[in-house]
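Here is a short briefing on the rings and the nonpolar core of one structure. Look it over first, then read on.

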Amino acid sequence: MAEEGMFRGLLLPLSLELTRNRRYTAVIISSLGFAVAHLANIANSSWSLVLLQMIVVFGNGLLWGSVYLKTDNLSLTILLHFLDDLPLFITNGSLKLTTPTSSQLMTALVMYLVMIGIIGVVTFLQVNGLHRRPTR
């Protein structure tokens with residue numbers, strides 16, 4: 001709840017003001033803030049796992065930011081965030097991830113960057129509205 005309140009409830013509206021209502025830019029700013037906040041996990045994980053987590057979290061921030069802008073419903077983003085974190089709650093954090101090899105890291109990095117690209121396009125279209133041109 002605190003992360004959603006901070007990044008979607010506070011930072012996203014503030015970013016809208018700072019960017020003169022450039023919705024996509026505001027979502028990017030709040031998502032970057034959300035990702036950077038997860039840098040604190042470096043205390044318990046390797047830098048490579050934290051980097052991958054930050055990339056995934058940035059993508060989540062894009063999605064949840066666009067949901068918040070479209071619905072103006074912070075409860076919905078809290079629910080989505082909870083469902084995303086549910087496996088961690090169920091396993092009580094007992095899943096131990098090992099440091100990936102170089103090839104695993106590069107494969108995951110490419111996969112996540114492609115995913116972020118797709119999410120970025122979908123977010124851009126959602127935030128700026130999907131307008132179909134009339135057919136002639």
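Phe124 has a relative accessible area of 40%, so it is partly exposed (buried is under 20%, exposed over 50%, partly exposed in between; 1.4 Å probe, protein chains only). This is a predicted model: local features need pLDDT of at least 70, side-chain atom pairs count only at pLDDT 80 or more, and totals for chains, interfaces and linings use all residues. Residues are numbered from 1 along each chain as its sequence is written, and side-chain values use heavy atoms, leaving out hydrogens and water.

**Aromatic rings**
- The structure holds three aromatic pairs (ring centres of Phe, Tyr and Trp, its six-membered ring, within 6.5 Å; planes under 30 degrees apart are stacked, over 60 edge-to-face, the rest tilted).
- Tyr24 and Phe124 pair edge-to-face, at 5.1 Å centre to centre and 90 degrees between the planes.
- Tyr24 lies in helix H2 (residues 23-37) and Phe124 in helix H5 (residues 102-128), so their pair ties together parts 100 residues apart in sequence (helices are DSSP runs of H or I, at least four residues, numbered from the N terminus).
- Tyr24 is partly exposed, at 21% relative accessibility.
- Phe7, Phe34 and Trp64 form one aromatic cluster.

**Nonpolar core**
- The largest nonpolar core has 19 residues (buried Ala, Val, Leu, Ile, Met, Phe, Trp, Tyr and Cys joined through side-chain atoms within 4.5 Å).
- Leu12, Val27, Leu52, Phe58, Leu62 and Leu69 touch the most other members.
- H1 (2-18), H2, H3 (47-71) and H5 each supply at least two residues of this core.
- H3 gives the most, with eight residues.
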